[in-house]
Amino acid sequence: MKAKTVSYVDEKLKIIDQRALPRKFNIIESRDIKDVYQYIKTLAIRGAPAIGVFAAYGVYIGIRDMKSDDKKAFFKRLLKTIGYIKTSRPTAVNLFWALNRMKKKAFINKDKPISVIKKILIREAKKIHREDKQMCEAIGNNGARLIKSGDTILTHCNAGLLATTGLGTALSIIYKAHAQGKNIKAYVDETRPLLQGARLTAWELRQKGVDVTLICDNMAAVVMKQAKIDKIIVGADRIAANGDTANKIGTYSLAVLAKAHNIPFYVAAPSSTFDFSLKRGSQIPIEERSGEEVRKISGIYHAPEAVAVYNPAFDVTPSRYISAIITEKGIFIKPYRQSLKSL
Ligand code: MRU
């Protein structure tokens, strides 16, 4: 990939515009927090870890140009910025995790001059960014141990270079196994309605030289029945304390199918994706998006314009269907309520 999913260079916050991929490769800049909000909301930037990193920089963008040395006004603006970015998307907990981390950092240093707090905040955003890359490496290395030469791995949505600021989560495992010389193949669900699998995952796996086959979402059962799939690995947007996992809509059906066909089903995610304040997956807020995303494909109606649509962007896979959760801190197995405690 010739550019970075998120970059902050020379005071400019830039991202690859994922709405246009793979037809167009555009880099766009976020000049203010309205851009930050819109880019998250419209999926110009997407994927739980990437959203977290971008939001952290977004907090800094929100206060960067404040000229006044009135502390009260500064903190008011900071909280307003955080509150605003928080409303962009509800499911990926990495967004709230990163925003809370920035908020905490500012308040711990509240007695310092505003100019110093600003420097501390941009340093914290860069730290979150660095950590994200490192966690991708660690998840990839941990997960690659589960992959054998000859394996074919099915994945859903995009949990790769474009969903993080490193190699990805689920895809990092594929990239690492590939780099270790294991002979592996990938199958990718196209992931309606927004086609992250077709547009992003198939594209980035090909760029990295991984043997990839694209299927429509409704073909997953058949490829499993035909014994074409050895393992399934997906990412996560939020994982509750009992291991129940929210991820892109369609993940749950894959997990049920995996069980029916005796195929291991793995979730790969950093520790920032766990929400231990939630006991179970039913408490995870699920984003509902516009019906237009379902009525249209690439901006063209292929359904009656007035047809009613239900468009949840995520679903929750009960932890009983998850063979293991692969994190940067190790691989966790059932019972998750117990094993995840060490996180
Ligand atoms: O709506 P999206 O494209 O942001 O959804 C992304 C996913 O569901 C990913 O699988 C998840 O965020 C994990 S990314 C490492």
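A pocket is an open set of grid points with protein on both sides within 12 Å along at least five of seven lines, and its lining residues have an atom within 4 Å of a point. In this predicted model, the second largest pocket is lined by 13 residues, and those nearest its centre are Phe96, Trp97, Asn100, Arg101 and Lys104. The largest pocket holds about 440 Å³ of space, and the count of cavities of 30 Å³ or more comes to two. The structure also holds eight aromatic pairs. The points below treat the pockets, the cavities, the ring pairs and the charges over rings in turn.

**Largest pocket**

- The space in the largest pocket comes to about 440 Å³.
- Its lining consists of 19 residues, and Arg19, Leu194, Arg199, Ser298 and Gly299 are the closest to the centre.
- Helix H10 (292-295) and strand S12 (296-297) are the elements that give two or more residues to this lining.
- By class, the lining of the largest pocket comprises eight charged, seven nonpolar and four polar residues.
- The largest pocket lies between domain 1 (6-137) and domain 2 (146-342), because both domains give residues to its lining.

**Second largest pocket**

- About 250 Å³ of space is found in the second largest pocket.
- Two or more residues of its lining come from each of helix H4 (93-108) and strand S11 (274-275).
- Helix H4 gives the most to this lining, with eight residues.
- The lining of the second largest pocket divides into five nonpolar, five charged and three polar residues.
- Domain 1 (6-137) and domain 2 (146-342) both contribute residues to the lining of the second largest pocket, so this pocket lies between them.

**Largest cavity**

- The largest cavity has a volume of about 190 Å³.
- It is lined by 21 residues, and Arg46, Gly47, Ala48, Asn158 and Asp237 lie nearest its centre.
- At least two lining residues are supplied by each of helix H2 (48-64) and strand S9 (245-248).
- Helix H2 gives the most to the lining of the largest cavity, with three residues.
- Ten nonpolar, seven polar and four charged residues make up the lining of the largest cavity.
- The largest cavity lies between domain 1 (6-137) and domain 2 (146-342), because each of the two gives residues to its lining.

**Second largest cavity**

- The second largest cavity contains about 40 Å³ of space.
- Its lining is formed by Pro193, Leu194, Gln196, Lys248, Ile249, Arg289, Glu293 and Ala313.
- By class, these lining residues are four nonpolar, three charged and one polar.
- Leu194 lines the second largest cavity and is also among the residues closest to the centre of the largest pocket.

**Aromatic pairs**

- A pair of aromatic rings is described by the distance of the centres and the angle of the planes.
- Among the eight aromatic pairs of the structure is the tilted pair of Phe25 and Trp203, with 6.1 Å from centre to centre and 40° between the planes.
- This pair links distant parts of the chain, 178 residues apart: Phe25 is in the loop between strand S2 (12-16) and strand S3 (27-29), and Trp203 is in helix H7 (residues 196-207).
- Phe25 has a relative accessibility of 24% and therefore counts as partly exposed, whereas Trp203, with a relative accessible area of 16%, is buried, because buried means under 20%.
- Phe75 and Phe107 form another tilted pair, with centres 4.7 Å apart and 50° between the planes.
- Phe75 lies in helix H3 (residues 71-86) and Phe107 in helix H4, so this pair ties together parts that are 32 residues apart in sequence.
- Phe75 counts as buried at 11% relative accessibility, while Phe107 counts as partly exposed at 32%.
- Tyr8, Tyr57 and Tyr60 are linked into a cluster by ring pairs.

**Charges over rings**

- The charged end of Lys208 sits over the ring of Tyr175, at 5.5 Å from the ring centre.
- Lys248 lies over the face of Phe314, 4.3 Å from the ring centre, and Lys248 is also one of the residues that line the second largest cavity.

Key
Residues are numbered from 1 along each chain as its sequence is written. This is a predicted model: local features need pLDDT of at least 70, side-chain atom pairs count only at pLDDT 80 or more; totals for chains, interfaces and linings use all residues. Side-chain values use heavy atoms; hydrogens and water are left out. On a 1 Å grid over the protein atoms alone, a cavity is a set of points where a 1.4 Å probe fits but cannot get out, and a pocket is an open set with protein on both sides within 12 Å along at least five of seven lines; lining residues have an atom within 4 Å of a point. Grid points are joined across faces, edges and corners, and a volume is the space filled by probe spheres set on the points. Helices (H or I, at least four residues) and strands (E, at least two) are DSSP runs, numbered from the N terminus. Ala, Val, Leu, Ile, Met, Phe, Trp, Tyr, Cys and Pro count as nonpolar, Asp, Glu, Lys and Arg as charged, and the others, Gly among them, as polar. Domain bounds come from an automatic or database domain assignment. Rings of Phe, Tyr and Trp (its six-membered ring) pair if their centres lie within 6.5 Å; planes under 30 degrees apart count as stacked, over 60 as edge-to-face and the rest as tilted. Buried means under 20% relative accessible area, exposed over 50%, partly exposed in between (1.4 Å probe, protein chains only). A charge sits over a ring if NZ of Lys or CZ of Arg is within 6 Å of the ring centre and within 35 degrees of the ring normal.
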